[in-house]
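Thanks for coming. I will show one structure and then walk through a few parts of it.

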Amino acid sequence: MAPLGTSSSEENPNPINSVAGSSPSDVVTRRSLRAAASPVKSAKPTKPAKAVKQPRNAREVAVIASKASTKAGTQKSPRKNTKRSIINMVVMTLAAGLVATMAIPAYAFSPAANSASQFGTMAKPAPQTIAVSQAVAASSVTRDAVTATSVAELARQKAAAQLVSYAKAYTGPSAAQYLKTPAYPSFSLASVFSVAKQYIGTPYVFGGATPAGFDCSGYIMFVYAQFGISLPHSVSGEAARGTRISLADAVPGDVIIMNGHDGFYAGNGNILDAPKPGGSVSIRPIWTTDYYIVRLGI
C-alpha cells in the first residue's frame, strides 16, 4: 500500500514496462529486445570515392565532352529497338510469302500428268465433204468495161499541146519563107555548120522546125532552108536527097544518118543534133557505129 499522502500513480506510473534498476526514461520495447538478441551485422567497408581528375586546359575539356556525347549516342533507345524489331518481322514475313508464291506453281506443275491429259495425241478428224450445186458452179464472172488512154496516145496529146505553145513562141521566118528568100545565098558546108551552131540549147520539140523547138529532121531542114535548099521533114527523105560519102571524106556540115535519127557531123567523132524529148540541141560523141554520112547541096 502506498504511504499516506502518496497517490497510486506516483508509486508505479508504468508497472508493465518498468524494469528494476532502470530509470523512467529507459523504456524497453520489443524492437529493442530483438536488436539486443540478434548478432550485429558487420557493415561493408565503403570504398573511397575515386577522385575526379580535373581538366587542366581547354583541350582536355573538349576530349571529355566528346567522350560523353559518344557514350550518350551509343545508348539505344528502347523505342527504336522495338520499332526495328517490328520492321524486321514484317520484312521476313513478306520474303517468306514471296518465296512461297514462286515455289507453289513449280511444285503444282506435273509434266507427266499434263502431257497425258492435255497434250496427248489427238484423233485425226474424219474428212468433210461439201456439196456445191451446179447452178453455183456454172456461174460466170463478168468484167466491167474499162477504157484507158494508151501511152502512145498520151505522148501524141502531149506533143500536140507542145506544138501549140511552140507555134506561139516563134514569130520569125519559117523554113518555107527562107526557101523563097534565102538568108545565105552563098552555100558552103562550113557556113552551114556555123549557122547550125547558133541554135545550140534549143529545146527538143516533137515535130518542131523553128528556133522555138526542133526535132532532129526539122533542125536540119530549117538550117538548110536558109541556104535555099529544100528538104523534107523526115529522116528517110533527107537521106534520099543527099549523096552518101565515106567517113574519111566527111566534114562538119555533112549529115549523119542513123536508124530513125539524123544530125550534123561535127568532126572528131561527134554529132550536133536535137536529141530527144527533154533534151536540147548540143554537140556530143557518136554513140554507135550503125550510121552513114550524106552530103547535101552539092
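Start with helix α9, residues 189-197, which lies across β5, β6 and β8. Its direction runs at about 110 degrees to β5. Helix α10, residues 216-225, also packs on the sheet, where it touches β4, β5 and β6. The direction of α10 makes about 60 degrees with that of β5. Before going further, please keep in mind that this is a predicted model.

Now the sheet itself. What is the order of the strands? Reading across, it goes β3-β8-β4-β5-β6-β7. That is six strands in an open sheet, with antiparallel pairing. At the edges sit β3 and β7, each of which pairs on one side only. From one strand to the next, the twist averages 45 degrees.

Next, the salt bridges. How many does the structure hold? There are two.

One of them is between D254 and R295, with the closest N and O atoms 2.9 Å apart. D254 is in the loop between β3 (243-245) and β4 (255-258), while R295 is in strand β8, residues 292-295. The two residues are 41 apart, and the pair links distant parts of the chain. Is D254 buried or exposed? Its relative accessible area is 0%, so D254 is buried.

The other salt bridge joins R284 to D273, and here the closest N and O atoms are 2.8 Å apart. R284 lies in strand β7, residues 282-285, and D273 in strand β6, residues 270-273, so this pair ties together parts that are 11 residues apart in sequence.

Which residues make the nonpolar patch? They are I86, V90 and L94, and the patch comes to about 300 Å². L94 sits in helix α4, residues 78-108. With 60% relative accessibility, L94 counts as exposed, because the cut-off for exposed is over 50%.

That is the end of the tour. I can go back to any part of it.

Note on methods: Residues numbered from 1 in each chain as written. Predicted model: local features only at pLDDT ≥ 70, side-chain atom pairs only at ≥ 80, totals over all residues. Heavy atoms only, no water. Salt bridge = Lys/Arg side-chain N within 4 Å of Asp/Glu carboxyl O. Helix = DSSP H or I, 4+ residues; strand = E, 2+ residues; numbered from the N terminus. Buried < 20%, exposed > 50% of the residue type's maximum accessible area, 1.4 Å probe, protein only. Patch = residues over 30% accessible without salt bridge, like charges linked within 9 Å, V, L, I, M, F, W, Y side chains within 5 Å. Areas by Shrake-Rupley, 256 points an atom, 1.4 Å probe, with all protein chains shown as cover. Pairing = 2+ DSSP bridges. Axes fitted to C-alpha atoms, helices over the stretch in contact; angles between N-to-C directions. Contact = heavy atoms within 4.5 Å.
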